[in-house]
Amino acid sequence: LKQIALTGLDFAARQHARVSSDGKADELKAISMEILESVAKLGKTLLKFEEEVHGSFLFRGGYSAGRGFSEKQSKGKTEIRTRVSKSVLSSLPSPSSIREMFDSDPRSSSATAMFYSIGSSESDPNAVLQTEDILAQMSECFSDIENDPLVEPTFQAIQVCSLVHCMGTAWKSIEGAEESVREELLDQVIAQTEEWSGTYGEEYAYVAMSAFALSIDDSAQCWPGVTNIHKTILEGQDNYLFESEDTKLLCLSMIAARLSRTADARVTGLIDSIEQSLLEHSGQTCFGASFGLGIIVSYLMTGNINGTDPSDTWRRQQAQRIICILLTAFGTCLEEENDVVLRLISSIKSGKASKVLSQSCSNLDSLFVQDGSAQKMKSIMIGLSHSFPVLNAISRIFFECVLSIVDKLPWGSGKSLALCAAYKTGIDSGVLEQKDVTEAISNTLSFVQESSKGF
């Protein structure tokens, strides 16, 4: 339809140019105007349709049609606005319905939904809750999360993200407050996390504290708070206060992600600890390490990862290292050691990409996950899902290689989590075309239909 509209505009323009040179000027002018009116109607219809499907901001300034988001510079920070369609927004439950669900069935899943709804208002989308009210609502949910822990990596990731969202909402409430009380509110949030430690145990308090560190800005006023959180997490590690290795590594990862924004050298040591645990605990899910590394690599995208500034070089090196760690863990989950995967790791480590390697990855036979490693592979897929924007920024070939080997995994391994992120990155950057997504969806639907028949 867009092509028809554009062709119509071109034809109308050519007809208009002939008006002054042709004897049938009035007739040609009438035809030209009629075509333009038809094209205008078609264009308005298309715009209305796209606004309904893609959301109205598609047509605001600053948006690039070739990307899935727009970036807006504000006070030296880059704000990324992700495209969310109106149809998706209209299908989401309202904050009041989530509250009703939580009140009638208070458990971990409904508490997670409550975390996501905190800060939302049906009457005023721009309303900002007071910091104290946000913390009170969070306290109400923690006991249900504590009594009904989630063990599936996918649900764990959703729950962690909901907590990160909540602490981000708390930080926004501080940003919106008068400057004279911001430091006091910052201390109030940290004090509340310490209180949660006494009520619900250190685990949840540490995760909330680390999530809050991700949201705090880099101002001198806030830096003592970040330092305090970092110190608390390290003391918890040194004094064996973490009940699970997963939670400890997740918290260390979030602290590392926060420090990576300023290219802090301490990040390297934290990644060392996470890598050692991930590769040593082969029989565990390693959710905290895998998801945590994914969080770090997503924060390394700050600035120009291919720039020549020393901080940009450092970020690129850390990103390459993290992706290699995840791919190494990926390899340990396979039934057999794979030479192509090993070559890919070596290439990413050196930063040298080749089309021969890309072809080797594409030509790989199906990969199979060894018994006992299914949950760990899902965690690795969640971590890798965060790496595709960085991979694509470093090298299109590396992006294609990792996409190929992930696609060689069987369904049920968690590969859909990574594929979804990969295709979104590919479409947004122009590396992939819509036909590639259509083919992937078709293949997925074929598998689902065959599975429902018992194959």
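A salt bridge is a side-chain nitrogen of Lys or Arg within 4 Å of a carboxyl oxygen of Asp or Glu. The model on screen is predicted, and it holds 16 salt bridges.

Select Arg-99, Asp-103 and Glu-140 first. Salt bridges link Arg-99, Asp-103 and Glu-140 in a network.

Next, move to helix α11, which spans residues 245-260. Select Glu-245 and Lys-248, whose side chains form a salt bridge with an N to O distance of 3.3 Å. Lys-248 and Glu-245 lie three residues apart in this helix, so about one helical turn separates them. Glu-245, at 28% relative accessibility, is partly exposed.

Continue to helix α19, residues 396-407. Here the side chains of Arg-396 and Glu-400 meet in a salt bridge, at 3.1 Å from N to O. Glu-400 and Arg-396 are four residues apart in the helix, and therefore separated by about one helical turn. Glu-400 is partly exposed, with 23% relative accessibility; Arg-396 is likewise partly exposed, with 47%.

Finally, select Asp-407 and Lys-415. Which distance separates the closest N and O atoms of the salt bridge between Asp-407 and Lys-415? Those atoms are 3.4 Å apart. Asp-407 has a relative accessible area of 37% and is partly exposed, whereas Lys-415 is buried, at 4% relative accessibility.

Terms used: Residues numbered from 1 in each chain as written. Predicted model: local features only at pLDDT ≥ 70, side-chain atom pairs only at ≥ 80, totals over all residues. Heavy atoms only, no water. Helix = DSSP H or I, 4+ residues; strand = E, 2+ residues; numbered from the N terminus. Buried < 20%, exposed > 50% of the residue type's maximum accessible area, 1.4 Å probe, protein only.
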